[in-house]
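Biologist: Could you walk me through this one? I would like to hear about its packing and its charged pairs.

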Amino acid sequence: MHQINRQGISSLSNTQLEDVIAEIEQAMEWHQSWYKNLLRCLIADTPANEQDLADNAHNFCRFGQWFNKLPDQTIKLHPHFSEIASAHKKMHQGAKVLLSLKESKTVIPVNLLDQFHADLDRLRELFDCLIDEFTEVLHTRDPLTGASNRTNLLENLQKEHELCKRKSLSCALIMIDLDHFKQVNDEFGHAAGDKVLIALVKCIKSQLRKYDQLYRYGGEEFLVCLPQTELDDAKSFSERLRAGVEALKIDISNDNHINVTGSFGVTLISPDDNIETAIERADEAMYQAKKSGRNRVSVA
């Protein structure tokens, strides 16, 4: 499986990601319709579309027109997009050869037909892989905040743990819980609470590196994984993040904003840890921060 551009994905809302998936599915339908017309030409001897006989035929089909208008930021989301561009052009070049032979009343060699279908299958495979991987990202994201949900949390953290052990590196966990969040919901309503959670995640993401991970662990509880990070650095990061959360002014209605704070629990995943134990330790440190007065960082 190719590496998805996580920074690019995180910049898209769930709605935007759903739109990309829908556009890819539409592109597949367009090309299936084009393929049926090609078969009519080759088998039923209907007239070929002049555009399919052009050297740049890949730019004329509905899929090609759509693909050429894709913004760079979408294409950079996954390496399959550039592979699709190459596969699509190659497939159209093969179709042009087949149509040209048909136009000249020349028998089409089996190897050329087989190669065309192999190229077509490769294109469909790339489409399917994109949809599968983008759908997986969508299903492992919290629909409200865009943070990862807990679906693959243990699996992902275990991979980071194994990598750090092999390279003798430290890996830190930070458990974050908003202070008095129930009061926000009770006083201002759940819509305001949602805005607070969205603002919190935006604040956290602005501080993360491309390989850091953010999960919505519970209602107002979030877990951050910082690979290749020592305990002192994780504590310093948490202090900066705590100050950033405290400085937020969250608009909840016209000319009305609220401020929130968070409690932070920091720990390292030790070499002999299991992930659940490390998470519990970060959680306990976070509760210690709450017991100590909230709006602070506690280290386990």
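This is a predicted model: local features need pLDDT of at least 70, side-chain atom pairs count only at pLDDT 80 or more; totals for chains, interfaces and linings use all residues.

Biologist: Which residues touch the most other members in the largest nonpolar core?

Modeller: Ile 24, Trp 34, Phe 63, Ile 84, Phe 116 and Phe 134 do, in a core of 34 residues. A nonpolar core here is a set of buried Ala, Val, Leu, Ile, Met, Phe, Trp, Tyr and Cys residues joined through side-chain atoms within 4.5 Å, where buried means under 20% relative accessible area, exposed over 50% and partly exposed in between (1.4 Å probe, protein chains only).

Biologist: And which helix gives the most to this core?

Modeller: That is α6, with ten residues, although α2 (14-44), α3 (62-68), α5 (80-103) and α6 (110-139) each supply at least two. Helices (H or I, at least four residues) and strands (E, at least two) are DSSP runs, numbered from the N terminus.

Biologist: What is Ile 84 in contact with, leaving aside neighbours within four places in sequence?

Modeller: Ile 84 is in contact (heavy atoms within 4.5 Å) with Phe 63, Phe 67, Leu 123, Leu 126, Phe 127 and Leu 130. Apart from this core lies another, of 32 residues, with Leu 226 and Ile 250 among them.

Biologist: Switching to charges, how many salt bridges are there?

Modeller: The count comes to 16, taking a salt bridge as a side-chain nitrogen of Lys or Arg within 4 Å of a carboxyl oxygen of Asp or Glu. In one of them the side chains of Asp 142 and Arg 216 meet at 3.1 Å, N to O. Asp 142 lies in the loop between α6 and α7 (153-166) and Arg 216 in strand β2 (residues 213-216), so the pair ties together parts that are 74 residues apart in sequence.

Biologist: Are those two buried or exposed?

Modeller: Both Asp 142 and Arg 216 are buried. In another pair, Arg 242 and Glu 239 have their closest N and O atoms 3.3 Å apart, and both lie in helix α10, three residues apart. Arg 242 is buried at 16% relative accessible area, whereas Glu 239 is partly exposed at 31%.

Biologist: Last topic: where is Lys 105?

Modeller: Lys 105 is in the loop between α5 and α6, and has a positive phi of about 60 degrees although it is not a glycine. Gln 228 also has a positive phi, near 55 degrees, and lies in the loop between β3 (221-227) and α10 (231-246).

Technical notes. Residues are numbered from 1 along each chain as its sequence is written. Side-chain values use heavy atoms; hydrogens and water are left out.
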